[in-house]
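User: Hello! I am new to this protein and would like to be walked through it step by step. Could you show it to me?

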Amino acid sequence: MIYFTADTHFGHANIVRMCERPYPDVDTMNEAMIAAWNERVHGNDTVYIVGDMFFRCADPERILKRLKGKKRLIVGNHDGSWMGKDISVRPPGRERFVRLARNFGEEYTLDGIRNRILSQSRRVLPELEPKRKVYCARVKGDFKTARKITGFRGLYFHYCYLLGIFPKNQPKSNKRLRFLLREDLVKLDTISEEVRLLARDHIDTTEQS
C-alpha cells in the first residue's frame with residue numbers, strides 16, 4: 001500500500017498547545033503517533049511524508065527506526081531543524097545512515113538540492129490535437145424509389161440537416177430554431193441512446209413507443 005501524511009511534527013512540544021492535540025506532553029504525543037503509524041503501515045508499505053515530519057526533535061533517527069514501512073520525505077520548511085545542512089539517508093539493506101554532503105559534496109546539502117530543483121527549467125509539452133474518428137459508410141439503393149422517412153426519425157434527420165450535421169460540409173441554415181430545441185440538438189451525446197433505440201426498432205409514432 002501507499003500512504004500519504006504530513007505535518008506530524010514529532011518532537012515539537014509547542015504543537016500540542018498550538019494545534020490543541022489531545023496529549024498532555026510531547027513524549028505522549030510521539031508514542032501515540034508511532035503506535036497509530038505502525039498499526040496501519042506494514043513493512044512493505046510506502047509512506048510519503050509531505051513536509052514537516054520532525055521539529056526540534058531530540059532523537060529523530062530513533063523514531064525513524066521505530067516507524068514501519070519505506071519512508072519518502074518531501075522536505076518542508078521545518079525539516080531543516082533536524083536534518084541540518086548535511087542530510088542523512090539510509091540506503092536499502094544498510095544499517096547505517098550516509099551523510100550526503102560529506103560523501104558527495106556541497107551540492108547535496110539541503111540548500112544545494114533546493115537550489116538545483118528551483119533552477120531546473122520546466123519542460124512544456126506541446127498540446128496534442130485530439131484524434132478524430134472517421135466513419136465511412138456505403139449506401140445501397142436508389143433515392144428515387146426509397147421510402148420517405150417520417151415520424152420521430154424523419155424529424156431528427158430534418159433538424160440534423162438544418163444544423164449542418166449532414167450532408168457533409170452542408171452550410172448551416174439561417175432558419176432560426178427555438179433556443180431549447182437547439183440546446184437539445186447540440187448536446188446529442190446525451191440523447192444518443194434514445195435515437196439509437198428509435199432507429200433500431202423503427203419507432204416512428206408515440207403508439208409504437
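Predicted model: local features only at pLDDT ≥ 70, side-chain atom pairs only at ≥ 80, totals over all residues.

User: Thanks! How many helices and strands does the protein chain have?

Analyst: Helices (H or I, at least four residues) and strands (E, at least two) are DSSP runs, numbered from the N terminus. Along the sequence they follow the pattern β-α-α-β-α-β-α-β-β-α-α-α-α-α. The count comes to nine helices and five strands.

User: What percentage of the residues count as buried?

Analyst: Buried means under 20% relative accessible area, exposed means over 50%, and partly exposed lies in between (1.4 Å probe, protein chains only). The protein chain has 209 residues, and the share that counts as buried is 26%.

User: Which strand order does the open sheet of three strands have?

Analyst: Two strands pair if DSSP finds at least two bridges between them. Four bridges join E1 to E2, while E2 and E3 pair over five bridges. E1 and E3 (70-74) each have a single partner strand, so they stand at the edges, with one side left without a neighbour in the sheet. The pairing is parallel, and the order is E1-E2-E3.

User: By what angle are neighbouring strands of this sheet turned against each other on average?

Analyst: For such angles, axes are lines fitted to C-alpha atoms (for helices over the stretch in contact), and angles run from 0 to 180 degrees between N-to-C directions. For this sheet the direction is ignored, and the average turn is 20°.

User: What is the handedness of the β-α-β crossover from E2 to E3?

Analyst: The chain crosses from E2 through H3 to E3. A crossover is right-handed if, with the strands pointing away from the viewer, the path from the first strand over the helix to the second runs clockwise. This crossover is right-handed.

User: Which residue in E2 is the bridge partner of Ile2?

Analyst: Look for a residue in strand E2 that is buried, at 15% relative accessibility. Contact means heavy atoms within 4.5 Å, and leaving aside neighbours within four places in sequence, this residue is in contact with Met1, Ile2, Tyr3, Lys70 and Arg72. The bridge partner of Ile2 is Thr46.

User: Which residue stands opposite Tyr48 in E3?

Analyst: E2 and E3 run in the parallel sense. Opposite Tyr48 stands Arg72.

User: How many aromatic pairs does the structure hold?

Analyst: Rings of Phe, Tyr and Trp (its six-membered ring) pair if their centres lie within 6.5 Å; planes under 30 degrees apart count as stacked, over 60 as edge-to-face and the rest as tilted. Phe4 and Tyr48 are stacked, 5.3 Å centre to centre with 20° between the planes. Phe10 and Phe54 are tilted, 5.5 Å centre to centre with 40° between the planes. The number of aromatic pairs is two.

User: How many residues apart are Phe4 and Tyr48?

Analyst: Phe4 lies in strand E1 (residues 2-5) and Tyr48 in strand E2 (residues 46-50), so this pair links distant parts of the chain. Phe4 is exposed at 61%, whereas Tyr48 is partly exposed at 30%.

User: Is Phe54 buried or exposed?

Analyst: Phe54 is in the loop between E2 and helix H3 (60-66), and its partner Phe10 is in the loop between E1 and helix H1 (13-18). Phe10 has 1% relative accessibility, which counts as buried. Phe54 has a relative accessible area of 0%, so it is buried.

User: What is phi of His9 near?

Analyst: His9 lies in the loop between E1 and H1 and is buried at 5% relative accessibility. Asp7 is also found in that loop; it is partly exposed at 40% and has a positive phi of about 55° although it is not a glycine. Phi of His9 is a positive value too, in a residue other than glycine, and is near 55°.

Definitions and conventions:
Residues numbered from 1 in each chain as written. Heavy atoms only, no water.
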